[in-house]
Amino acid sequence: MPQGSDVLVWLLQSRTRARPLKDLYRGSRFSEPTIRAVLKALADDGFIVIERSPDDLRVRTVHLTPKLVAAVHEYLALLRDYAVHLQQPIAANAEPAQYAAD
C-alpha cells in the first residue's frame, strides 16, 4: 500500500533517532487516520514501538524494533540476490516462464 510505503520510508530515514509522530502526519500526503492505522498495524506486529516523550506527554515518538531492522535487511538481501540473478545471461533455448517462477 502506498501509505505503508510512505510510513516505512519515513521510519527508515529516522534510523535510530526518535522523531515525533506529528512530523510524519504533517509531511504525509495521506490523512492522519490513515497513517495511524498503518502505525497501529506496525506496532501490533512488533515492528515499531510508539512511546510518549518523558519531557512532554503530548508528544509521541516512534522507535524501530530489531524485528523491523532484521526484516528490512532480509528484504534487501533478497533484492540483491534477485538482481544478481537478473544479470546472469539467459540461455537462448530457455523458456521465459522458467525465470518468472524463480
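Throughout this tour, a residue is called buried when its relative accessible area is under 20%, exposed when it is over 50%, and partly exposed in between, with a 1.4 Å probe and protein chains only. The model is predicted, so local features need pLDDT of at least 70 and side-chain atom pairs count only at pLDDT 80 or more, while totals for chains, interfaces and linings use all residues. Residues are numbered from 1 along each chain as its sequence is written, and side-chain values use heavy atoms, with hydrogens and water left out.

**The whole chain**

Followed along the sequence, the elements come in the pattern α-β-α-α-β-β-α-α. If you colour by accessibility, 22% of the 102 residues count as buried. With contact taken as heavy atoms within 4.5 Å, 42% of the contacts between residues at least 6 apart in sequence join residues at least 24 apart.

**The sheet**

Select next the three strands, which form an open sheet in the order β1-β3-β2 with antiparallel pairing; strands are said to pair if DSSP finds at least two bridges between them. The edges are β1 (19-20) and β2 (48-52), each of which pairs on one side only. Zoom in on β1 and on β3 (residues 60-64), which run antiparallel and are joined by two bridges, and there you will find Arg 19 opposite Val 62 of β3.

**The largest pocket**

Now show Leu 8, Leu 12, Leu 42, Phe 47, Leu 68, Ala 71, Val 72, Tyr 75 and Leu 76, the residues that line the largest pocket. The elements giving two or more residues to this lining are α1 (2-14) and α4 (66-87), and α4 gives the most, with five residues. A pocket is found on a 1 Å grid over the protein atoms alone, as an open set of points where a 1.4 Å probe fits, with protein on both sides within 12 Å along at least five of seven lines, and lining residues have an atom within 4 Å of a point. The largest pocket holds about 170 Å³ of space, a volume being the space filled by probe spheres set on the points, which are joined across faces, edges and corners.

**Salt bridges**

Finish with the side chains of the salt bridges, of which the structure holds four, each being a side-chain nitrogen of Lys or Arg within 4 Å of a carboxyl oxygen of Asp or Glu. Select Arg 29 and Asp 6, whose side chains meet at 3.3 Å, N to O; because Arg 29 lies in the loop between α2 (21-27) and α3 (32-44) and Asp 6 in helix α1, this pair ties together parts that are 23 residues apart in sequence. Arg 29 is exposed at 63% relative accessibility, whereas Asp 6 is partly exposed at 27%.

Move on to Arg 36 and Glu 32, which form a salt bridge at 2.5 Å, N to O, and which both lie in helix α3, four residues apart, about one turn of the helix. Both are partly exposed, Arg 36 with a relative accessible area of 44% and Glu 32 with 33%.

The last stop is Arg 58, which forms a salt bridge with Asp 56, their closest N and O atoms being 2.9 Å apart. Arg 58 counts as exposed at 73% relative accessibility, while Asp 56, at 24%, is partly exposed.
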